[in-house]
Amino acid sequence: MTLPALAPRSDIVAMLDRLVAFDTTSRNSNLALIDMAAETLSRLGAEIRLTWNDSVTKANLFATLGPADRPGIVLSGHTDVVPVDGQAWSSDPFHLDNRDGLLYGRGTADMKGFLAAALAFAPDFAACPLAMPIHFALSYDEEIGCIGVRRLLDDLAGLEVRPRLCIVGEPTEMTVVSGHKGKKSVRCEVLGHECHSALNDQGVNAVEIAAEIVARLRAMQRRLRETGPFDSGYRPPYTTVHTGVIKGGTALNIVPGECSFEFEIRNLPRHDPDGLMAEIRYWAEELLPEMRARSSRAGIIFDENNSTAGLDMDANDPGVRLVQSLAGDTGTAFVSYTTEAGLFQHSGIPAVVCGPGNIAQAHKADEFVSLDQLARCESFLGRLLDYATNPEPGRF
Ligand SMILES: [Zn+2]
């Protein structure tokens with residue numbers, strides 16, 4: 001059954017127009033957007049907490065409307081977007097363009113559409129006698145490894161009253177996502193010993209050592225694919241291992257002294273990636289004696305530069321049930337990409353992913369969110385407003 005297309009309130013579209021106009025590509029500052037959101041929310045009486053990056057060029061915002069002395073519900077989204085470099089857009093990506101009911105612009109799906117709807121609803125939340133607080137969490141640097149939100153979560157860890165639930169509005173077409181994979185990104189640096197290739201018995205070939213490790217990672221993937229662990233809710237239903245970048249060597253007649261590569265492990269939430277990392281480090285230990293016999297400076301260094309926890313909410317968790325009732329969705333789904341929800345759950349705040357738009361449009365040229373999806377998000381927030389004003393006893 002196809003539901004009829006709906007249209008959202010004009011203030012949601014107007015807010016999206018403002019958000020898209022901020023070029024918050026992760027390499028840029030997000031402060032202009034954060035200032036606008038902080039001003040909008042503080043004018044409504046919200047308490048604002050900001051946390052910053054080291055160079056104070058980016059900030060997370062955490063705002064609270066309503067009674068801060070009891071556990072509330074967080075509406076969470078990242079402010080940064082991926083670059084448009086090299087993409088063929090049909091219109092200016094930083095200017096919202098409405099064509100046939102689809103709103104085009106960088107970040108419309110991922111995930112300024114949700115932020116626009118949440119911020120447009122702030123006056124509604126402020127005008128009602130809330131029985132529980134509604135929080136707004138806007139983060140920086142999500143697209144480059146969920147970096148910013150970690151500082152926001154550290155800050156929240158010090159609060160006496162912690163939120164009871166976080167709704168992360170990544171694009172799920174307003175379906176309820178209760179699980180996602182985790183991710184570990186690793187850089188490996190192989191230090192060999194450079195020499196003339198004719199005398200390769202005196203050198204340590206860093207490219208070949210790196211290739212051996214990469215080949216073993218590929219074998220590890222094959223093993224995981226064939227023997228699991230498996231979770232049929234995910235596609236693919238096992239932990240994935242992938243090498244994405246490799247760099248090494250200068251000329252064919254030189255034994256390369258250095259080679260680096262980057263790989264990632266995207267683990268099922270119940271599959272601990274540290275066990276796989278221990279296995280990978282053991283391979284390096286096996287390779288080292290032969291390398292060191294030729295050169296004392298030879299080495300293999302792993303830099304686990306980024307880990308994001310998976311999300312693993314029980315389908316019967318009251319928070320999941322609440323979001324289902326707000327979204328008018330009876331099921332739950334799992335996704336393979338990571339979001340900040342895993343980090344919220346890991347820090348003790350139950351989290352669910354549910355937001356307007358489709359991940360298929362994210363990160364591409366001509367990214368869009370439909371008016372229909374924003375209207376569904378509006379209905380969701382309207383039901384949240386009803387609930388936060390008058391929670392049914394025993395419901396959550
Ligand atoms: Zn996103």
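I took helices (H or I, at least four residues) and strands (E, at least two) as DSSP runs, numbered from the N terminus. I worked on a predicted model, in which local features need pLDDT of at least 70 and side-chain atom pairs count only at pLDDT 80 or more, while totals for chains, interfaces and linings use all residues. Residues are numbered from 1 along each chain as its sequence is written, and side-chain values use heavy atoms, with hydrogens and water left out.

**Entry 1. Backbone exceptions**

I then looked up the exceptions. Pro229 lies in the loop between helix 5 and strand 11 (240-248), and the bond from Gly228 to Pro229 is cis, with omega near 10°. A cis peptide bond also joins Asp110 and Met111, with omega about -10°; Met111 is placed in helix 3. His363 is not a glycine, yet I found a positive phi of about 70° for it. His363 sits in the loop between strand 17 (351-353) and strand 18.

**Entry 2**

I count two strands as paired if DSSP finds at least two bridges between them. Strands in the order 11-13-9-14 form an open sheet of four, with antiparallel pairing. Its edge strands are strand 11 and strand 14, each pairing on one side only. The twist averages 15° from one strand to the next; for such angles, axes are lines fitted to C-alpha atoms, for helices over the stretch in contact, and values run from 0 to 180 degrees between N-to-C directions.

I followed the antiparallel pair of strand 11 and strand 13 (residues 258-267), which eight bridges join. Val241 has Ile265 in strand 13 as its bridge partner. Helix 5 packs on this sheet, touching strand 9, strand 11, strand 13 and strand 14, and its direction makes about 170° with that of strand 11. Contact here means heavy atoms within 4.5 Å.

Strand 5 (residues 102-104) and strand 18 run antiparallel and are joined by three bridges; in strand 18, Val369 is the bridge partner of Leu103.

I next examined helix 9 against helix 3 (residues 108-127): their axes come within 10 Å and cross at roughly 35°. The crossing is right-handed, the term used if the near helix is turned clockwise from the far one by less than a right angle. On the helix 3 side the contact includes Phe114, Phe121 and Phe125, and on the helix 9 side it includes Leu374, Leu381 and Leu385. The residues of this contact divide into ten nonpolar, two polar and two charged. In this scheme Ala, Val, Leu, Ile, Met, Phe, Trp, Tyr, Cys and Pro count as nonpolar, Asp, Glu, Lys and Arg as charged, and the others, Gly among them, as polar.

**Entry 2. Pockets and cavity**

I used a 1 Å grid over the protein atoms alone: a cavity is a set of points where a 1.4 Å probe fits but cannot get out, a pocket is an open set with protein on both sides within 12 Å along at least five of seven lines, and lining residues have an atom within 4 Å of a point. Grid points are joined across faces, edges and corners, and a volume is the space filled by probe spheres set on the points.

The largest pocket has a volume of about 340 Å³. Of its 18 lining residues, Glu142, Glu143, Lys183, Thr338 and His363 lie nearest its centre. Strand 9 (182-191) and strand 14 (299-308) are the elements that give two or more residues to this lining. By class I found five nonpolar, seven polar and six charged residues.

The second largest pocket has a volume of about 290 Å³ and is lined by 15 residues.

I found one cavity of 30 Å³ or more. The largest cavity has a volume of about 40 Å³, and its lining has one nonpolar, seven polar and three charged residues.
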